[in-house]
Amino acid sequence: MGRLSVSLSGWELDNPIIPASGTFGYGKEFAELYDINCLGTFSFKGTTREARFGNPTPRIAECPAGLINSVGLQNPGVDHVLEVELPQMKAYFHKKVIANVGGFSVEDYVEACGKLSRSDQVGLLEVNISCPNVEHGGMTFGVSPEAAAEVTRAVKKVSSKPVYVKLSPNVTDIVPIAKACEEAGADGLSLINTLLGMRIDPRTRRPVIANRMGGYSGKGIFPVALRMVYQVYEAVSIPVIGMGGVSTAEDVIEMMLAGAAAVEVGSANLVDPWVCKHIIDDLPRVMDKYGMKELKDIIGGAHHG
């Protein structure tokens, strides 16, 4: 493996760069722009047990340092993903992928995760208990240590693949939730999901988004994400995938120094569809700038100098 290589629960990646779920679809559109096999892997569109149309429109609002979305887990359902999307993906992506799974009940998570874990194309499951854009599910599980642990235990029983739980930043203290997931058997953690935010149109005096509030992402949340990755790395002994406002190779280095074993890039893909390739190409230069030989050696470096 090269100097950019990292490992997630025994899964060796060529580099730590992973487009985040919800910003990369199934990779098909991006594969028309560049060879996406240069990526470490990618986390595909959040998948639920049943197909979902998502939330009413408008469901996107721009912000000076990011955007707010309330898409609401629009997806074709787990069976369609297994029967159509994953087979088609083999033509343009030759590595294993991360299956991001959403749900509205423990049973939802169990069924979808059980099915996806049986796919040879899936390297690990990213269990999203932190989506702020759906009612009666998603973030409801992510703000309670007990509920987070319940989902984790249930999914671990049916999954043959590593289980990474995606955590919400919309909590007073993320550490107890991270520790509860680890104690319940999680193989790793992904953080952070979006912050809850909103915009109001002065002309109509109404919220811009039909759902009123949505998930705020983009450059503006990077310091918050970095702080939470740092805190969680100190509290657990399982790998952390860091994300939130990442858009440059310098950001990736910061995330890894804070404790991230790999780094997801989200909203930046919507601004510049080549951003992940650019980051991968630029990482060796930034590593040389700071005297870093191999990326895996800097994970958590900010904690011990």
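User: Before we start, what should I know about the model?

Analyst: It's a predicted model, where local features need pLDDT of at least 70 and side-chain atom pairs count only at pLDDT 80 or more, while totals for chains, interfaces and linings use all residues. Residues are numbered from 1 along each chain as its sequence is written, and side-chain values use heavy atoms, with hydrogens and water left out.

User: How many aromatic pairs are there, and how do I read one?

Analyst: In general, you describe a pair of aromatic rings by the distance of the centres and the angle of the planes. Rings of Phe, Tyr and Trp (its six-membered ring) pair if their centres lie within 6.5 Å; planes under 30 degrees apart are stacked, over 60 edge-to-face, and the rest tilted. Here there are 4 aromatic pairs. One of them, Phe24 with Phe30, is stacked, at 4.1 Å centre to centre and 20° between the planes.

User: Why is the pair of Phe24 and Phe42 called tilted?

Analyst: Because their planes sit at 50°, with the centres 5.1 Å apart. Ring pairs also link Phe24, Phe30, Phe42 and Phe93 into a cluster.

User: Is Phe24 buried or exposed?

Analyst: Buried means under 20% relative accessible area, exposed over 50%, and partly exposed in between (1.4 Å probe, protein chains only). Phe24 has 1%, so it's buried. Phe30 is buried at 10%, and Phe42 is buried at 0%.

User: How do I read two packed helices, say helix 7 and helix 8?

Analyst: Two packed helices are described by the angle between their axes and the distance between the axes. Helices (H or I, at least four residues) are DSSP runs, numbered from the N terminus. Axes are lines fitted to C-alpha atoms over the stretch in contact, and angles run from 0 to 180 degrees between N-to-C directions. Helix 7 (residues 222–235) and helix 8 (residues 249–258) pack at about 25°, with axes 8 Å apart. That makes them roughly parallel (under 35 degrees; over 145 is roughly antiparallel, 65 to 115 roughly perpendicular, the rest oblique).

User: Which residues make that contact?

Analyst: Among them are Phe222, Leu226 and Tyr233 of helix 7, and Asp251 and Met255 of helix 8.

Definitions and conventions:
Contact means heavy atoms within 4.5 Å.
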